[in-house]
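Please open the model in your viewer and keep the selection tool at hand. The tour below goes from one selection to the next and says what is to be found at each.

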Amino acid sequence: MSQVILPPTEPTEPQPEAPAPSTTTALIPQPPAPEPERPKYVYEYVPPPQPRAWRAVKWPLRQFFKGLILTGSAAKHHKNVTLVILALLIAGAGATYGVYRATHPPLPVPASASGGTSASGAGGSALPETPFTVVNSAAPPLSPAVIQWLHAWKTHDGKEAWDALSPTTQQGFEAQGVDESAVQQRLDQDRMQGIEYDQFIYSGGYFYPDGSSNYTVEAIQRMPTGGHTILTWIFVVDPSGGIVVAGSLN
């Protein structure tokens with residue numbers, strides 16, 4: 001009997017056996033799983049609130065510039081219409097200026113403003129000769145009699161006002177029926193009506209060649225209603241110092 005011999009088979013590698021669970025490894029606690037990384041905090045800038053004034057102005061400015069941009073864009077696309085509108089605006093401005101110059105003629109320039117101090121002006125034109133003399137001198141100080149008279153009207157004192165007059169003037173008033181009591185009666189009447197004289201403006205004065213002097217005073221007459229009236233008083237004082245003419249008696 002014959003024997004059949006099979007070809008040799010390739011040896012197979014032994015498979016590693018799974019380790020048996022160790023009691024020691026099962027008793028050791030396993031570390032926890034790492035937590036997912038949190039995103040870092042990112043600072044976000046918040047602009048401060050705008051002032052109310054700027055918020056109120058910002059919108060009109062924005063509309064203004066927006067209108068300029070739109071106008072420029074429209075002018076760019078409609079050049080012919082733009083030229084016509086500009087011509088009309090220029091013509092209207094010229095007509096308006098012409099009407100203003102016709103209705104508002106220029107004021108004459110005085111000689112002092114043009115720099116002329118002599119008979120010929122700065123431009124060489126001769127100034128007209130005046131048949132009179134203009135004297136611009138400093139006003140003399142008020143006479144004591146005038147100051148006494150003004151104080152009498154401020155305090156409603158008839159005797160003080162009467163004593164400020166010269167003897168000749170007192171005699172002339174007495175001949176007309178006006179004496180010290182009449183002056184006091186006039187001042188008492190103003191007091192009862194609430195009329196006050198609390199401000200006087202010395203507007204000018206000068207001396208006469210004979211030694212007498214002239215003074216002009218603006219008296220502010222205040223009414224009880226709050227209004228006021230400006231009275232012009234002209235005083236003439238004789239060389240002796242007494243008032244000859246007092247415009248306030250009128």
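A patch, as the word is used here, is made of residues with over 30% relative accessible area and no salt bridge, with like charges joined within 9 Å and nonpolar side chains (Val, Leu, Ile, Met, Phe, Trp, Tyr) joined within 5 Å. Accessible areas come from the Shrake-Rupley method with a 1.4 Å probe, and for residues only the protein chains shown count as cover. This is a predicted model, in which local features need pLDDT of at least 70 and side-chain atom pairs count only at pLDDT 80 or more, while totals for chains, interfaces and linings use all residues. Residues are numbered from 1 along each chain as its sequence is written, and side-chain values use heavy atoms, with hydrogens and water left out.

**First stop: a nonpolar patch**

Select Trp54, Val57, Leu61, Phe64, Phe65 and Leu68, which together make a nonpolar surface patch of about 590 Å². Phenylalanine 65 lies in helix 2, which covers residues 52–77; helices (H or I, at least four residues) and strands (E, at least two) are DSSP runs, numbered from the N terminus. Phenylalanine 65 has a relative accessibility of 48% and therefore counts as partly exposed, the class between buried (under 20% relative accessible area) and exposed (over 50%), with a 1.4 Å probe and protein chains only.

**Second stop: a loop residue**

Move on to serine 143, in the loop between helix 3 (79–103) and helix 4 (144–155). Serine 143 is buried, at a relative accessible area of 7%. If its neighbours within four places in sequence are left aside, serine 143 is in contact (heavy atoms within 4.5 Å) with Tyr215, Val237 and Gly241.

Which residues of helix 7 are buried? They are Val183, Leu187 and Asp190. Seen down the axis of helix 7, the buried residues fall within an arc of 55°, so they line one face of the helix, the arc being that of the directions from the helix axis to the C-beta atoms. These buried residues pack against helix 4, helix 5 (158–163) and strand 1 (196–207), whereas Gln185 and Met192, on the other side of helix 7, are exposed. After helix 7 comes glycine 194, whose phi is positive, near 80°.

**Last stop: the salt bridges**

How many salt bridges does a search of the whole structure find? It finds 3, a salt bridge being a side-chain nitrogen of Lys or Arg within 4 Å of a carboxyl oxygen of Asp or Glu.

Aspartate 190 counts as buried at 4% relative accessibility, while arginine 186 is partly exposed at 31%.

In helix 5, select lysine 159 and aspartate 163, which lie 4 residues apart, about one turn of the helix, and whose side chains meet in a salt bridge (2.9 Å, N to O).

Finally, select arginine 222 and aspartate 198, whose side chains meet in a salt bridge (3.0 Å, N to O). This pair links distant parts of the chain, with arginine 222 in strand 2 (residues 213–222) and aspartate 198 in strand 1, 24 residues apart.
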